[in-house]
Amino acid sequence: MAKIIKEKIEDIELTRAFRDEMIELARTNPAIAAVEADVGNCAYGPNFKKEFPDRYYDLGICEQSMSSIAAGMSAVGMIPFAHSFAVFASRRMCDQNYISCAYAQNNVKIVASAPGISSGENGGTHHANEDIALMRPITNIKIMEPADSTAMKWAVKNAAENFGIYYIRAERLKADKIYEDDTDFALGKANIIRDGSDVTLIAEGSLMLGTCLKSADILEKEGISARVVDIFTIKPIDTDMLVKCANETGAFVTAENHSITGGLAAAVTEALCDQGCGVPVKRIGIPNRFGEVGQVPDLQKVMHMMPEDVADAAHQAILLKK
Amino acid sequence: MKNYKETEKYALQIRIEAINMMYKHGFGHVGGSLSIADAIAVLYQDQMKYNPQNPKWDGRDYLVMSKGHCGPALYSALALKGFFPVEELLTINNIGTRLPSHCDKNKTPGIDMTTGSLGQGVSCALGMAIGLKIQGKDNIVYSIIGDGESQEGQVWETLMIAPNKKIKNFIILQDNNKQQLDGFTDDISPLGDMRQKAEDFGWFALSVDGHDVEAINDAIEQCKKSEKPGFIVLNTIKGKGWPAIEGADGNHAFRTPFFLAKGADDVLASLRKELAEM
């Protein structure tokens with residue numbers, strides 16, 4: 001069971017949590033290695049390099065080669081973590097992630113930082129709003145978006161210990177800590193962060209989980225009891241949890257730092273559809289539009305991803321209940 | 001003086017089996033399989049460490065056939081060395097086969113990397129060499145690329161990265177057969193002097209007759225002595241060994257009517273006669 005922190009504690013950046021855990025694992029596992037394509041400094045790469053210079057490969061700006069090179073490293077027994085900004089780790093590396101990593105059945109852990117609008121001031125070229133949609137159909141890939149540092153550390157450890165291709169999203173924003181340090185997670189298992197009975201708000205990632213928790217406060221003042229779920233693993237998705245929430249609350253809002261097409265909303269509705277759960281699902285996320293430059297709080301407003309937007313969507317979902 | 005008779009014989013056998021399996025199946029990438037046959041023969045006859053009874057032996061040298069469509073030449077070489085029965089070659093591209101058109105390390109004993117999306121295999125090979133370097137091992141990683149494949153950006157990234165990261169024990173063999181799917185490489189996007197370019201990127205680079213097994217072997221020996229990664233341009237003829245298709249239009253991949261039109265039965269009979277007389 002997930003242990004949820006009650007008080008408000010500011011978390012460390014998730015990129016920091018990722019790198020801290022990698023370093024911890026590398027101390028006992030000589031197969032752990034880092035590959036970068038010139039954005040290692042944005043994800044605490046030098047911390048790893050300082051302790052393990054022989055296992056840190058900054059290849060230069062060549063994300064596609066990075067993916068294939070990581071695949072080759074794993075084919076001789078290494079466990080490479082290949083990091084880049086989500087926009088490059090997905091759109092740019094798509095075919096290499098597919099062929100060199102997944103189709104070839106290699107053992108690469110892809111870490112995608114600054115997904116969605118969290119790449120704010122870098123602008124539309126750097127907003128990965130489709131990365132989950134691009135990665136999700138890849139056979140056997142595991143896709144996780146840890147919502148806090150505890151979840152991130154578990155995700156990195158799980159990825160290192162299990163053979164296969166992982167795609168781990170890592171927001172660089174500072175957020176509130178959600179889980180106690182000794183929380184035990186499971187691949188493909190979502191966690192209820194706040195219970196409720198009228199509607200389920202399903203979030204992925206720290207930004208939208210925090211947003212949903214604020215939205216639940218708004219709804220509570222209106223007398224609406226909203227359950228908040230951290231999906232944690234997008235593939236495989238927790239179908240049991242979705243069915244349970246469908247039966248117990250009868251309405252959903254999905255909230256993702258990603259396009260409303262092909263990501264969390266699609267994964268949730270596909271699973272509900274397969275189970276014959278005919279419940280309303282309203283989708284919050286980046287609508288059918290490109291990203292644009294701006295600071296994250298402003299982009300969150302522009303993209304209609306604020307707590308108030310989630311609350312409005314909850315109202316609509318509740319109205320649509322049979 | 002080293003005698004290359006067995007290597008030449010093995011190369012001929014590789015050609016016979018490769019043509020035969022693709023002809024019997026009715027489809028295949030014949031031209032590039034024939035141009036690379038001699039280099040593959042040198043690798044498996046004279047150079048690489050391997051164990052057909054234990055294809056994943058960790059003391060082996062690795063080969064990544066980055067131009068993955070030329071799997072048939074490699075399958076022939078592996079079968080002839082006992083990795084799997086020669087009769088299995090006739091299952092190529094049938095449903096459930098262990099021998100797909102493009103190389104797949106998860107299907108075929110002796111295949112070290114899944115390839116087919118051009119440019120990616122050689123990057124994977126570099127990754128293998130990096131991984132082995134981290135582990136302090138001296139296994140050699142070979143990778144065969146095509147000249148057409150060398151138009152892919154990943155090839156050039158590999159050319160840049162390997163010397164920059166001081167990777168040794170990594171040898172690329174470029175099958176410079178001067179043709180690609182759509183026609184002649186020089187008509188589509190010429191590569192210029194690849195040996196010079198590789199040298200400029202920091203490789204120990206040589207250019208040899210890709211159908212002279214002694215020259216290929218000597219080039220590999222020189223690369224192994226270098227502190228730099230090795231790049232060998234193999235000057236070859238696409239379709240080598242089947243006179244009617246050597247350097248001919250449409251020899252990249254073809255189906256039964258082309259096999260028949262170009263006299264596949266006759267060329268197989270002729271090559272088998274040549275083998276018997278060796």
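Figure 1. Seven of the seven residues of strand β4(B) (residues 170-176) are buried, so the strand is largely enclosed by the rest of the structure. A residue is buried if 20 or more other C-beta atoms, placed from the backbone, lie within 10 Å of its own; helices (H or I, at least four residues) and strands (E, at least two) are DSSP runs, numbered from the N terminus. This is a predicted model, in which local features need pLDDT of at least 70 and side-chain atom pairs count only at pLDDT 80 or more, whereas totals for chains, interfaces and linings use all residues. Residues are numbered from 1 along each chain as its sequence is written, and chains are lettered from A and ligands numbered from 1 in the order in which they are written. Phe170(B), Ile172(B), Gln174(B) and Asn176(B) point one way from β4(B), while Ile171(B), Leu173(B) and Asp175(B) point the other way. Strand β3(B) (residues 141-146) pairs with β4(B) in the parallel sense over six bridges, pairing being assigned if DSSP finds at least two bridges between two strands. Val141(B) stands opposite Phe170(B).

**Figure 2. Surroundings of Ile36(B).** Ile36(B) lies in the loop between α2 (30-35) and α3 (37-47) of chain B. It counts as buried because it has 30 C-beta neighbours inside 10 Å. Not counting residues up to four places away in sequence, Ile36(B) touches Cys70(B), Ala73(B), Ile144(B) and Asp175(B); contact requires C-beta atoms, placed from the backbone, within 7 Å.

**Figure 3. The largest nonpolar core.** This core has 194 residues, and those with the most contacts inside it are Leu201(A) and Ile40(B). Such a core is a set of buried Ala, Val, Leu, Ile, Met, Phe, Trp, Tyr and Cys residues joined through C-beta atoms within 7 Å. Helix α5 (residues 120-134) of chain B gives the most to the core, with nine residues. Beyond four places in sequence, Ile40(B) touches Ile14(B), Ala73(B), Leu74(B) and Ala77(B).

**Figure 4. Helix α3 of chain A and the contact with chain B.** The contact takes 26 residues from chain A and 21 residues from chain B. On the side of chain A that touches chain B, the elements giving two or more residues are α3 (63-75) and α5 (94-103) of chain A. The largest share of this side, nine residues, comes from α3(A). In α3(A), 13 of the 13 residues are buried, so this helix is largely enclosed by the rest of the structure. α3(A) is followed by Gly77(A), whose phi is positive, near 105°.

Technical notes: Buried ≥ 20, exposed ≤ 12 C-beta atoms within 10 Å, placed from the backbone. Contact = placed C-beta atoms within 7 Å.
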